[in-house]
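These are my notebook entries from one sitting with a model. I went through it entry by entry and wrote down what I looked up.

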Amino acid sequence: MTPQAATPATAASARNGGDSTPEARTGVSTRNLDDRTPETPAAASARNVGDRIEELRARFGADLTVVGHHYQADEVIAHCDLRGDSLELARRCAALETRHIMFCGVYFMAESAALLAGKNVRVHLPEPSAECSMALMSPAGLLREVMKKLTRNGRKVIPLAYVNSTLGVKAAAGELGGAVCTSANAATMLEWALREGDAVLFLPDKNLGFNTAAALGLAGQDLHTARIVRGAKDLDTTAADKARLILWPGFCSIHTRFNPRQMERLRAEHPGASIVVHPECIPAVAAAADAVGSTAFIIRNVNEAPDDTVLGIGTEINLVERLARQHAARLTVLPLVESACTHMAQTTEESLCTALEALGRAEDSGEESPYRVRIGHELQAHARAALERMLEHCA
Ligand code: 13P
Ligand code: SF4
């Protein structure tokens, strides 16, 4: 999909609920001054933060590109030059001719952007503690131990790391002959990995792994979910050695909030509704849905739905609510349940403004901004190889 640009005017408009009238821009009615409602201190402060962000964006001009993942809140998206899912943003950041990328998303996404961006491009994360809890479920050291056990008899096992993983995991995957995938290309990459080796270790998301395998017809003994709660010593090597796909037991706590009861309720209340869910949902939800796909797939599905359709969506609430507003005139778009990613929500207009101010000071003093994402030199080559293997196969 085409990334969308935000201008200072659209940013101001979005902060005022999308209205671009003089009233909305100023917060003051020009119709009848006697009816005027004074602006609250909170609204004035939000307006000031937004205006300051736009001043800073204007100061940097083409030297700065603000990018945002679809799960970011509207107040942040309003200031983004580009918005996309993780695959699209990784691709776009690799091609950007700019000096600074301010990445509104979670850490692993900014790390991927920093890995792929040109050598004169610096990537910054407005909220450096915005981690993805699923990415943290697969420590690189444990991955290496598990791989050692799985390959102890000479079996060729290919590690396939979902992009929602740490740099250390991507580097281990690259070094051990594997690659990275996103939810948009998991099936293509899983087919590639199955061709490359005797078996595949998919990590960290067991649900994305299972749902992708099911779509490719893998089932039964072909699949094994690794038991590694207390470390690699827990691994059932007998079962793992028989499987063609070994699933790491990680999950997304935002997408696993959706369940079949919510789907039944929505269908009972809206007969004929179509339900579309993200593949990080549990298999029972994926199996009961009308369609399963990545963020880009969900957006396309809503954009292309015939008029008057009721759509139930199983993904992060900021995206669902944005789609509902965009299509309010012709569709009913409902969340299965409101499920917000608290990690994504750590980035706010305030934190974006603070990081841009810091970047401005850093430029003035010739120092490095503390918000810059730094990539450990020793991991770079292998992690980049894993990401590039994905981009090669999914051009
Ligand atoms: P996408 O790869 O679809 O952008 O999703 C990223 C993510 O974090 C999903 O929870
Ligand atoms: Fe991570 Fe889930 Fe949030 Fe995506 S929605 S960033 S997988 S915790």
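Is D308 buried or exposed? I started there. The model is predicted. D308 has 9 other C-beta atoms within 10 Å, so D308 is exposed. I placed D308 in the loop between α14 (295–303) and β12 (310–314). I then checked its backbone: phi is positive, about 70 degrees, although D308 is not a glycine. Most residues other than glycine have a negative phi, and most peptide bonds are trans.

**Entry: a cis bond.** I looked up the peptide bonds next. L203 and P204 are joined by a cis peptide bond, with omega about -5 degrees. P204 sits in the loop between β7 and α10 (206–215).

**Entry: strand β5.** I counted six of the six residues of β5 as buried, so the strand is largely enclosed by the rest of the structure. V157, P159 and A161 point one way, while I158, L160 and Y162 point the other way. I found β5 paired with β7 in the parallel sense, over five bridges. In that pairing, L160 stands opposite F202 of β7. I also found β5 paired with β6 (residues 179–181), again parallel, over three bridges. There A161 stands opposite V180.

**Entry: helix α7.** I listed the buried residues of α7 (residues 140–150): L143, V146, M147 and L150. Viewed down the helix axis, these fall within an arc of 100 degrees, so they line one face of α7. An α-helix has 3.6 residues a turn, so residues three or four places apart point the same way. On the other side of α7, I noted G141 and K148 as exposed. The buried residues pack against β5 (157–162), α8 (167–175), β7 (199–203), α11 (237–242) and β9 (245–247). I followed one contact set from β7. L201 touches V146, M147, L150, V157, P159, I246 and W248, leaving out residues up to four places away in sequence.

Entry: I checked α6 (residues 107–116) and found ten of the ten residues buried, so the helix is largely enclosed by the rest of the structure. Its buried residues pack against β1 (64–69), α5 (86–95), β3 (100–104), β4 (122–124), α8 and α17 (377–393). The largest nonpolar core has 113 residues, of which F103, A113, L160, V200 and L201 touch the most other members. The largest share of this core, eight residues, comes from α6.

**Entry: M390.** I found M390 in helix α17. It has 23 C-beta neighbours inside 10 Å, so M390 counts as buried. Beyond four places in sequence, M390 is in contact with A179, V180, C181, N185 and M189. I looked up T182 too: T182 and M390 are 208 residues apart in sequence, yet 8.7 Å apart in space, C-alpha to C-alpha.

**Entry: the ligands.** Which residues surround ligand 1? I wrote down D85, S86, L87, N164, T182, S183, C252, E280, S294 and T295. By class, that shell has two nonpolar, six polar and two charged residues. Around ligand 2 I listed V106, C132, S133, M134, N164, C252, I254, H255, E316, C341, H343 and M344. This shell has seven nonpolar, four polar and one charged residues.

Key: Residues numbered from 1 in each chain as written. Chains lettered and ligands numbered in written order. Predicted model: local features only at pLDDT ≥ 70, side-chain atom pairs only at ≥ 80, totals over all residues. Near = placed C-beta within 6 Å. Nonpolar A, V, L, I, M, F, W, Y, C, P; charged D, E, K, R; others polar. Buried ≥ 20, exposed ≤ 12 C-beta atoms within 10 Å, placed from the backbone. Helix = DSSP H or I, 4+ residues; strand = E, 2+ residues; numbered from the N terminus. Arc of directions from axis to C-beta. Contact = placed C-beta atoms within 7 Å. Core = buried A, V, L, I, M, F, W, Y, C linked by C-beta atoms within 7 Å. Pairing = 2+ DSSP bridges.
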